[in-house]
Every structure is written in structure tokens, then in C-alpha cells.
Amino acid sequence: GAVSPESTHASNPAPHDEPKDQGASQPLPHGRGSLSALSCEGQLHFHPARYARTFETWHENIRDWCISRQLWWGHRIPVWGGPPGSGMEGRGRFTSLSDDIALQVFDDRLFVCLMNDDPSIVDMLTQAGWKQDPDVLDTWFSSALWPLSTMGWPAPADFTEEIPEGEALLNRFNPTSVLCTAREIITLWVSRMVMFNLYFRECLPFYDVFIHAMIQDGEGQKMSKSLGNGVDPLDIIHSHGADAMRFTLAAMTTQTQDVRLPVDVVCPHTGQTFAPKLITAPGGHKVAAPIQESPFATGKRMVTSFGLSSGQAQPDGETPLARNTSSKFDYGRNFANKLWNAARFVLTSLEGRQEAGVGSRQEDVGIADRWILSRLATTIREVDAAIDQYEFARYAQLLYDFIWRDFCDWYIEAVKPVMSSSDSARRTIAAVLDVSLRLLHPVMPFVTEKLWEKLSEVAPRRGVEGVTIPPGDLLATAAWPVAEAALIDEEAESAFEQLRTVVTMIREVRTANQVPPKTTVEISAKFPAEISARLGENRRLIETLAGVTIQALGPEVTKPDHAAVVVRPLGEVYLHEQFDADAERTRLTRRLEEVRKSIQTLEGRLGNESYVQRAPEKLVNESRRQLELAKQEEETIARRLEEL
């Protein structure tokens, strides 16, 4: 993705006709054009990296560029042409007027380019019968100057009152860090901004170029007003919220070239969403039929966006206009709701109690606290890497998994019973919520800012050793969190993962046998000695999360009579007095099919000589281990089915 400067230097537009008398040209003022090329080598990067080739190809195959257009609007070309015979002898009268005048003689005529529209010089030219070029600059010529012209160039504006120490706006923000744009204007805009900035400023205008994907409708068509297949952001904000929209769009920003957003219709009569009936427009596009029948209100009709934009239908009181939406935004809305509800529990648990405080690691730090802090440190590290590489979908997914799964579904449930008595739990949960809000704020600013305000009220001092989270008045200006590598605890993560597997096994067998969630039942569990010992240390936590009482745990445990069984490579769990032979047979048969498919996949992978020889040894060994465990589980399930 790094673009070599050789490709950018060649990109200065070639003139259509060079004057025969090269000595007639005046050098550009202020030394402009004397590129210090090597200082920029390898500094321009594209994300995704494949788009660098589009940039390079255009420069390697540079063509003449006509910079004028015959339009009624635009930036008029600041070139004035003298009458015939005004050539060489007219140069002297202008060179002394200003350094911002470029001169060129062509066909015995003198042409003057004014870098600044000095009124006195313009008046002098007009009175002398000189004519300004009637054309306007090409759109992309003006756009190429965007990093310069928006900040006072060619004379850098000095906003002393607004910028510390009177620093010039242009010098402060040129070069900047990143440009975000679409792939179709890499050559039209990105390339030209780069070459103009190199020419006039002798530096790149930016160092990273992020090329975003193109959002299409569910049919793979570009969204447009004429087709009525677009989604108005204001409609999504109305139905789902601004944070839900932002988070969903970030989650869709993968490294692919295009992403699809299925477009639905909101019935104006009921507010319910449905997929519209499609027709083929004259241009071959699939569009929503101009008039739609409501599937929720008999006899009610509505006008679609296509019906309005095409002029085929007009909304009225009886047939109102239907808004477009997309069910994809439910993803962001559900996540925002999950965060809000989890934060409410945390805030309620902290309010009125001893301050969460900032303390060192205490003796009462349990496995759940160690595990969530380890996951927190890993998440911060991975989020930082994703943002650095402009991998916004990965950034969103990392936070979704950590907040929804790790924090809400497991950690909060694990510490609920001890929140009133454990200083460690209160301190940890406050710190984890704080960091989660900081990490999520760039993509969900409104809900996180509101929750941050409340968190600062109920726990103004919060933190744990190893996590740097300085306080702040606003989340928008708060420092980004930093976690020490020492917090990453592989032992705690391994132990908690085993615990989570056991709890999942228990929940599965409870569900299969229709045991009510709030009913506490007895279980026994058969695991190898080492695993049993580790699980025994966290016996109460397993009982809390699974809603059970553990009667026996160890390698010698046998299945009680009338017990339902769940089998995994880790071991077996027996649910006492909850046996339903038919349900058990159905569940085990379904699981056996899953295991055999897994075995088939793993055997196919390991039977591929190319994979075994070329894949990293660690991956090959992991595949072999998975195959061995899957065959053990297959044997155990088959034996259990025979018993049934």
C-alpha cells in the first residue's frame, strides 16, 4: 500500500504545446515546483492496500489533461492575454509589480497568470484592453487544490485568536493524516491532490487514504434518488437512533469493495416493516412498485419512494408516502439496548455504596475478575490495532463480542450475587464499564456520553491497577484507555473458558429437557482429574451461572439412574431425575450428526498433503487434536445411544 514518489512526480500535467522560445518563460515564484521528492518516498498508504495499484497505474500512464471547461459556473481561469505584439517587450512592466505574477509568451502575445486577484492589476489590465480567459477551471483542477485553497493558500491565513501561538492554518493542517473517499475518484481527485500538494508545498497532503466500500441495495444496485432505493439517514435516526445507525455502518465497513443493505418499507398506517413488491423499471433496475398494498391493514395503500421520484404516484391523505428502512440497523439498535440495560444494572449496583475507588489487586480478586480484566486488556490491544489499520468492521465486532458476550452475558451474571459484598467486583465492574464506554464512544457517541455522565456521578473515582483511565469532564475529551500487558492472564482465561464450557453444557441439557430457568436442579459431572480440580475451585460460580447444585465432580463419577446426559470432549454432565428418553435420543442423534460432519471436515483437511506441508505446524497439530477429541466424543455418544 505504500506509493513510491517516482509515480507521483511524473504526474504534473503535461502542457498541450510547449512554447518554442523556452527562454520566454518566467520561473515560478517562491521556488515552487522544486520538489524534494525523496523525502516523500513510501509515505502514502492506501487502505485496503490493493487500491494503491489504481493510483500507480494512472501515474504510470499519464495523459494530457485539459484543465478548462466551457461552463457558466466554476472558478474562472485567472489568465489574462495581451494584444498581439505584447510579447517579449511587455514582460518588464509586470515583473516589478508582484512576485505573484507568472508570465508566458506564446505566438508573440504575453499571457499573465495572477496568483492573487489584485484589483489594481486587474483594473490596469482591463483598461489596457487585455482579456481574461472566458473558460473555467476543470472541476478536478479546482478540487486538486482543496487541501490548499480551503486554508488560505496561497497566502496562509493567520488566525491568531483561534490557533495557539498564531500558527498558520495551512501549516497546521497541511499535511493532515487521512483522506476518506470512494474508489471511483482515486485518479480524479486523490492523485491530483497529491501532485498539486507536492508541486506547491513539496509534501504530501495526507499520508493514509481510506477507500470505503460502496453501499448497494439488496439487489446489488447503487442507491439513487431516481430509483427510490436509498435509505434516508434521518429516517433511520427516527426509527433506530443515531448510534444504532453509526455502529451498523461501521460493522459493515469491511475490506470488500461493495456491501449490500436490503431496503424495506415502513407501512405508514401501522409503523410495521415489510419487504416491498418489486417491479422492473424501464432501465432494467429492480425497484419497489409505485403503489404498495399494506400487508398489515386491509385495503390500505401507500406510495413508495420510487413512485414519488418517478412521478408515477403522488402521496395524499388516503395513500401516504412510505419511508424506506433496513432490518440491518436492528443490529446496532439491539446492541445499544444491551449496553444501556447492562449499564443501568451496574449504575444501580454502585449507587449509594462505597465508592468504586482506585485500588491495587486485592486478595479477594476472583477468577471472574481476573478473566474479565485479561479480556479487557486483550480487547484494548486488538481495538488499537484495528483502528490503526482502518479495519472498522473488526473494531465494531471486537467491541460487540466483548461487551455483549464477555461483559454482559458472563461477567455481570457471575458477580451479581457478590456485588453488595465484594470491593473487587465493584471496582472491576466500574472500570470495565468505563473502558467499554471510552472504546465505543467514537462509533456510539450519544448513548456512551449519557452513560458516562451517570457513571461519573455514582463512581467519580474508579480504576484498577494496570488500567490507565484518567477522569474527565466529558467522554468526548477523555483519554483513550491503556492497559498493561501484565493484565493478560492466560491461566485465568483458560480456567474461565473451561468453566464457561461446563455451564453451556448444563444449560443445553436443561433446555433439551425443558427445565424452567429458575428451577435449581442437581447435577453430577465426570471430567479428568486436573479439570475437575480446577472446576472445583470455582464450584459456587458454576452453580450460580447454571442454576444447579453440584452433587459430585471428578473422574470416577458414574451416571445416576434417570439422569439426562450431555457429552463434550471436555467430559460429561448428568442432570439428575430429569430423564426423557425420547428427548435425549433426539438430542444425542442431532449432536452425533454434528460431530460426524466435523470429523469428515477435519479428515479431509488433514488428508490434503498441500495443507499438511504448507500450513503452520501449530495449525496442523491443532487440527489433529480436534480430530482426536471429535472421535472420542463420537464414540461416547454412540455408546450412550446404544444404552438408550
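**Assignments and their grounds**

Reply: The secondary structure of the chain comes to 22 helices and 27 strands. The model is a predicted one. Of the 644 residues in the chain, 44% are buried.

Me: Why is H13 called roughly antiparallel to H14?

Reply: Helix H13 (residues 367-388) and helix H14 (residues 392-415) pack at an angle of about 170°, and their axes are 10 Å apart. Angles over 145 degrees count as roughly antiparallel, and H13 is therefore roughly antiparallel to H14. On the H13 side, the contact includes Trp371, Ile372 and Leu376; on the H14 side, Phe402, Phe407 and Trp410 are among the residues involved.

Me: What makes up the contact of H13 with H14, in terms of nonpolar, polar and charged residues?

Reply: The residues of this contact divide into 16 nonpolar, one polar and six charged. Ala, Val, Leu, Ile, Met, Phe, Trp, Tyr, Cys and Pro count as nonpolar.

Me: Why do strands S14 and S19 stand at the edges of their sheet?

Reply: The open sheet has three strands in the order S14-S13-S19, with antiparallel pairing. Strand S14 (273-274) and strand S19 (323-325) each have a single partner strand, so one side of each lacks a neighbour in the sheet.

Me: Why is glutamate 202 called partly exposed, and what is its phi?

Reply: Glutamate 202 has a relative accessible area of 27%. Buried means under 20% and exposed means over 50%, so glutamate 202, with its 27%, is partly exposed. Its phi is positive, about 60°, although glutamate 202 is not a glycine. Glutamate 202 lies in the loop between helix H8 (186-201) and strand S10 (208-211).

Me: What makes glutamine 514 exposed?

Reply: The relative accessible area of glutamine 514 is 71%. Since exposed means over 50%, glutamine 514 is exposed. Glutamine 514 lies in the loop between helix H17 (490-512) and strand S24 (521-526), and its phi is near 55°, a positive value in a residue other than glycine.

Notes: Residues are numbered from 1 along each chain as its sequence is written. This is a predicted model: local features need pLDDT of at least 70, side-chain atom pairs count only at pLDDT 80 or more; totals for chains, interfaces and linings use all residues. Side-chain values use heavy atoms; hydrogens and water are left out. Axes are lines fitted to C-alpha atoms, for helices over the stretch in contact, and angles run from 0 to 180 degrees between N-to-C directions. Helices (H or I, at least four residues) and strands (E, at least two) are DSSP runs, numbered from the N terminus. Angles under 35 degrees count as roughly parallel, over 145 as roughly antiparallel, 65 to 115 as roughly perpendicular and the rest as oblique. Contact means heavy atoms within 4.5 Å. Buried means under 20% relative accessible area, exposed over 50%, partly exposed in between (1.4 Å probe, protein chains only). Two strands pair if DSSP finds at least two bridges between them.
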